[in-house]
Amino acid sequence: MLSEPQIRALVLERQFIHSPWSAGLSELLEHLGALQLDAIQRITRAHHHQLYNRLPGYRESHLSEAERCREIFEYWSHAAAYLPVAHYTYARVRMDRIRAGQRHWFEKNAKLCRYVLDRVQAEGALRASDFVRTKSGWWEWSDEKKALEQLFHEGELMVSHREGFQKVFDLPERILPPGLPTSAASELEYGCHLVRTFLGCQGVGRAEEIAYLRREDKPLIQRAIEAMLASGELSPLGRELILTEQLEQNPARASRKVRLLSPFDPLILQRKRLRRLFGFDYQLECYVPAAKRRYGYFCLPILYADRFVGLVDLKADREAGLLRIEAQHWNEKPGVTLEASFHRALGQFARFHGLESEATLTA
C-alpha cells in the first residue's frame with residue numbers, strides 16, 4: 001500500500017511537472033492523452049503553458065509545427081483539445097456516435113452540411129469566415145459555422161490548422177498521414193484506452209475521475225475497469241485504482257522548486273481530486289463576478305515540491321513588456337528558499353513570454 005506522500009510523488013512523477021519530459025511533443029501528448037485548448041489569453045493560451053512546464057526549450061511555434069507535420073490533430077476529448085494522431089482511432093468512436101445521431105450542441109441541418117462539405121471538397125481548406133454573410137460574435141454562430149462544426153464533430157471535416165484562433169477546415173484525406181488506421185476502436189478498446197491513459201499519466205484515480213466530463217462514456221469505462229481488474233492489468237489501492245505495473249514503482253521525492261501551473265493543467269483540472277490528493281482548494285475566478293472574487297481574475301497555483309503553497313494573479317502587459325503581478329497570496333509565510341525559487345520561476349516564466357517580471361507584491 002502506498003502512503004499519501006508516495007501517492008502524491010507518483011502523481012507528480014507521472015505528470016512530468018518536476019522531471020521534464022525527455023521525448024518529443026507528440027509522444028508527450030500520447031502520454032497525457034490530450035492537451036486542452038483554451039481561448040483565454042491573459043498571459044498565453046493554456047495549451048502553451050502546459051507544454052512550457054513539461055518540455056525543456058519549448059516554444060509556441062513547436063505546437064503549430066507538430067500540427068503541420070500531422071503528428072497531432074485537433075478534436076474533442078473531455079473538452080476541445082489537441083490529440084496525438086496515433087489516437088485517431090479512439091477519436092473515431094465519438095465521431096461515429098455523432099454521425100449516427102448523438103446530439104452535442106445543436107440540431108443538424110443536413111442540406112447545409114452537404115453544401116458546406118461540397119465547397120470544401122471543391123475549393124480546398126476553408127474557414128467559417130469564408131461562408132459568413134454577416135458578422136457575428138463567438139456565441140452568434142452563422143448557420144454555415146454550425147454546419148462546419150457539425151461536420152468537424154462527425155469527422156467529415158478536420159481542422160487543418162488555425163489562423164489566429166480561427167479554425168481552417170479540410171477533408172480528413174488531405175490531413176491524415178498515409179497508412180494511418182482510420183476505423184473506430186471497439187467500445188471496450190476505447191474504454192480501456194481511457195482508463196489506461198488516465199492512470200498512466202495521473203498515477204492513481206477513481207472511476208468518476210476517469211469519466212470526468214465524459215457522461216456518455218461512463219458505462220463503457222466501468223466495463224473496461226472490470227475487465228482490466230479481472231485480467232490483472234489494474235489493481236485496487238484502497239478506494240483508488242492503479243495500473244498494476246506502477247504498484248512496484250518507488251517514485252522519487254519531488255524536487256524543491258516552484259512551478260506556476262495553468263488553471264487548465266491536467267494536474268489540477270479536476271478540483272475535487274486536487275483537494276483530495278493535495279489538500280488544495282482552488283477556483284479559477286475569471287468566471288466569477290469581480291465583486292465576488294477572493295484572489296484575482298486569473299490566479300495561477302504555485303506548486304512547491306509536492307505542496308500547493310499559494311496563488312499568483314498574473315497579467316501580460318505587452319505594451320510595457322512586463323509580466324505584471326496583480327495579486328499574490330501565500331497559504332503560509334514563505335521561507336527564504338521558497339521565495340528564491342518563486343522569483344526564479346517567475347523570471348523564467350516571464351522570459352518564455354518575451355517579458356520582464358514585475359516586482360513581487362505581498363499579501
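Strand β5 (residues 158–163) and strand β6 (residues 166–170) run antiparallel and are joined by 5 bridges; strands pair if DSSP finds at least two bridges between them. Strands (E, at least two residues) and helices (H or I, at least four) are DSSP runs, numbered from the N terminus. The structure is a predicted model, in which local features need pLDDT of at least 70, side-chain atom pairs count only at pLDDT 80 or more, and totals for chains, interfaces and linings use all residues. Residues are numbered from 1 along each chain as its sequence is written, and side-chain values use heavy atoms, with hydrogens and water left out.

Within this pair, Arg162 faces Lys167 of β6. The two strands make a hairpin with 2 residues between them, and Gly164 in the turn has a positive phi of about 70°.

Most residues other than glycine have a negative phi. Arg70, however, has a phi near 60° and sits in the loop between α4 (60–68) and β2 (72–76). Ala305 has a positive phi of about 55° and belongs to the loop between β10 and β11 (307–317). Ala305 counts as buried because its relative accessibility is 8%; buried means under 20% relative accessible area, exposed over 50%, and partly exposed in between (1.4 Å probe, protein chains only).

Turning to helix α1, its buried residues include Ile7, Leu10 and Arg14. Among the elements that cover the buried residues of α1 are α2 (25–32), α8 (187–202) and β10 (299–304), where contact means heavy atoms within 4.5 Å. After α1 comes Phe16, with a positive phi near 55°.
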